[in-house]
Each structure stands twice: as structure tokens, then as C-alpha cells.
Amino acid sequence: MQNNILAGLIAYLLFDAPIPFSAPLSGGHWDAILREAKTQGVTAVTYDAILLLPADLRPPRPQLFHLASKAQTIEDDSEKLENALSHFASEVFLQLGLETLVVKGLSLARLYPDPLHRERGDNDLFTGPATAQICSFMERQGHAVDRKDPRHWTFFFDDVEFECHTYLLYHHDDPRWPTVPFENRPHLRRLHTSYEAFFLAKHAEHNAVFFHKPLRLRTLVDWTLLLRQPDFDIDLFRRAKAGSDVEVFADLMSLYCNQLFDVNLPLDHVALQHKHLDAEHFDCLYLKCPERHRFAVVRVARRSIKYLRYGRLYRAIYGQSMFRRFYLHNVAQALRNRFRHSVASDLQSSVASDLQSDAKYYKDF
């Protein structure tokens, strides 16, 4: 019940839907709804929706005050992230002459009535070939850079975590990303809305499949808001996703959001009907995942059982079995990344050892 009410509250706030209940809810119901809001990453947005409710339909005062406190914390954290991003963009432009391209985070937050209420944990940037230059600049300023992940390097700036992405996708298959200036944000850019939707679909699908994590309501809200933007070009989006592993997934996610929020996102109904796919299938494949088990053998068993149970659906979406897609492609990619990191670490250790030996030799000499 609380899941339907939570989605209904967000639809009431963002998509002009009716209030999802007509009689006051019990304190127990509100406790469950607010716990779910925290899990789904929409606590502050839920608070905004509740403030629009008639007074007699709002939660009891203690719960409302507690929710207000949580929303204020989220707002403060978001403001800290934005201030750090603005400072970073100014420094990088002043010192390196580079504009900062922000993805997810602030870029998606701009879609919300109160951008500070869209929860986020760090600042994600697409720095491409300038990644090494920017990270070297950060090191010269005294910021330690973590280079372990080949996809992105991380550092802290103004006590905020930044991720500088050399590439955004997961198999070295990035397109040429069209970008636009970020409105009223000096030295900041963002992806073109249609390509931002393509990236969001790829990111959401990868997390759900590779990490076997359920998609959160926040992602579905992001998706719905993004596709309803005036500058979203459905034809450009379809060309971007054509032939990719999210070609069907993106339409299925739109179908699910249409049902969840009672909206009308554009999608290819004929293709989904031809493949016998509906919104319920999105729910069972991408939203219903068990908690991550600490033993790998249990995780593999759970994943394998799901792949067998829904084999027809996975083939309809990806054109191949999930055993082939996941284990042959994703795990192989992970192993390649680990190998690259291992070689780089060995080389770095070897060079460091040589330098230490040389230093000792010249000191003794």
C-alpha cells in the first residue's frame, strides 16, 4: 500500500495527479511511507508533496517535524555540493580554460520544483580526454586523486566528492555527446536532454543488471521529468538508443512510468506489443531484487534462477540470454578492467621501487 501512496504523492506534486487517498492515514501507515521514501531516495520530494496536502490529510505533527528536519538536511547537503561545483568550475575555467560538463546530480536536479530536494551524493563530471589534466591540476592544489577505476577518477574538493569520468558508458562505446550551456551557471555545461536520457537509461539498466540492484523511485522520477522536458527530442533519442542494449529497456521503463504516475511519455508501443512486453515485466525484472547477500555463491544462484525463470523476457529485451549477456560481456569487461588496474599498479610499484633504489644509490655514492 505504501508504495502506491508514495508514488501517488510524487505524481500529485509533479504531474498534477489527484491526491492518492481521501481519508487520513494512521501513524503506522505514515511511518511505512516515510521509511520507503528514504529507501527510494525521495524523502525531501515527499515532504514537498505532503506540504501541498490539506491539513487534515497530513501526517501527525511529530512525523511532519521529523520529515522537515530530514528535508532540511538534504537541502543543506545539496547546497554544499552545488557550491563546491561552482567553485570547482570557476577554478578549472580560470586556470585551465576548460568548462565543466556535469552529468546526473545537478543536471537532473534542475528538473525538480526545488532542485535542492533531489537527493545526490557527489558531483559527477564528464571530463573525457581532459581527465588527466584536471586531476593533475587537483593534485598540484593538494587534493589526492584516486585512479583505481578506469572509468572515472575521484577526489575531494571543498569536502565534496567529485568523479571525473573519462567515459560515461561501460564498454568503451560512448557516442559523441552533444552538450549545451547550463542555464544561469557560469562555466558549466550539461548533456543535451535527449542524450542525457540515453545516458540515464544506460546507467539505470547497468546498475539493475550488473549489480542486480532494484531501480529506485528517484530514478523513475528523474526519467519521467526528463522525457517531459520541452527540449526532449524523441527522434534524436531513438537514433541514440537504436541498436543499443537499452533500445527496448528504455521504452519498457517509459511504459512503467506511464502506469505508475499516470503520464504519457513517448514510446514505441508497437515494438513492445510485438515482443509481448508490458509494465508488469519491468517491475519483476528491474524492481524486484533481493538484498545483496554476503556470499557470492548465493548471489550467483539467485541471479541464475532469475535468468532461467524470465529467460523469454530477457531475450525479448536483449535479443540473447542473460547468461550470455551478463557473464560473457559484463564479467569479461570487469576482468579486463581489473587486469588493466593490476598491470598499472604493478608498473607503478616497479617504478617507485626503482626510484627508491636510485635514490639510495646516489645517497650512498
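## Nonpolar cores

A nonpolar core is a set of buried Ala, Val, Leu, Ile, Met, Phe, Trp, Tyr and Cys residues joined through side-chain atoms within 4.5 Å. Buried means under 20% relative accessible area, exposed means over 50%, and partly exposed lies in between (1.4 Å probe, protein chains only). The largest such core here has 91 residues, and those with the most contacts inside it are Trp223, Phe249, Phe261, Phe282 and Tyr286. Helix 7 (residues 193-210) gives the most to this core, with 10 residues. Another core lies apart from it and has 24 residues, among them Ala89, Leu106, Trp153 and Leu188.

## Model and confidence

This is a predicted model, in which local features need pLDDT of at least 70 and side-chain atom pairs count only at pLDDT 80 or more, while totals for chains, interfaces and linings use all residues. Residues are numbered from 1 along each chain as its sequence is written, and side-chain values use heavy atoms, with hydrogens and water left out.

pLDDT is the predictor's confidence in each residue, from 0 to 100. The chain averages a pLDDT of 90, and 89% of the residues score at least 70. Over residues 343-365 the pLDDT is below 50, and this stretch has zero contacts in the model beyond near neighbours in sequence. Contact means heavy atoms within 4.5 Å.

## The chain as a whole

The chain contains 15 helices and seven strands. Helices (H or I, at least four residues) and strands (E, at least two) are DSSP runs, numbered from the N terminus. Of the 365 residues, 49% count as buried. Among the contacts with a separation of 6 or more, 66% are between residues 24 or more positions apart.

## Two helix pairs

Axes are lines fitted to C-alpha atoms, for helices over the stretch in contact, and angles run from 0 to 180 degrees between N-to-C directions. Angles under 35 degrees count as roughly parallel, over 145 as roughly antiparallel, 65 to 115 as roughly perpendicular and the rest as oblique. The axes of helix 4 (residues 61-96) and helix 6 (residues 131-140) come within 12 Å and cross at roughly 100°, so these two helices are roughly perpendicular to each other. On the helix 4 side the contact involves Phe88, Glu91, Val92, Gln95 and Leu96, which meet Gln133, Ile134, Phe137, Met138 and Arg140 in helix 6. By class, this contact has six nonpolar, two polar and two charged residues. Here Ala, Val, Leu, Ile, Met, Phe, Trp, Tyr, Cys and Pro count as nonpolar, Asp, Glu, Lys and Arg as charged, and the others, Gly among them, as polar.

Helix 2 (residues 27-39) and helix 3 (residues 43-51) have axes that come within 8 Å and cross at roughly 135°. These two helices are therefore oblique to each other. Trp30, Leu34, Ala37 and Lys38 in helix 2 meet Thr43, Thr46 and Ile50 in helix 3. The contact of helix 2 with helix 3 has four nonpolar, two polar and one charged residues.

## Contacts of single residues

Ser254 sits in helix 10 (residues 247-261) and counts as buried because its relative accessibility is 1%. Leaving aside neighbours within four places in sequence, Ser254 is in contact with Trp223, Leu227, Leu265, Pro266 and Leu267.

Lys213 is found in the loop between helix 7 and helix 8 (217-227). With a relative accessible area of 46%, Lys213 is partly exposed.

Leu116 lies in the loop between helix 5 (105-109) and strand 2 (123-126). At 16% relative accessibility, Leu116 counts as buried. Beyond residues up to four places away in sequence, Leu116 touches Ile74, Glu75, Ser78, Glu79 and Glu82.

## Positive phi values

Most residues other than glycine have a negative phi, and most peptide bonds are trans. Asp159 has a positive phi of about 65° although it is not a glycine. Asp159 is in the loop between strand 4 (152-157) and strand 5 (160-165), and is exposed, with a relative accessible area of 64%.

For His172, phi is near 55°, again a positive value in a residue other than glycine. His172 is placed in the loop between strand 5 and strand 6 (179-181). With 46% relative accessibility, His172 counts as partly exposed.
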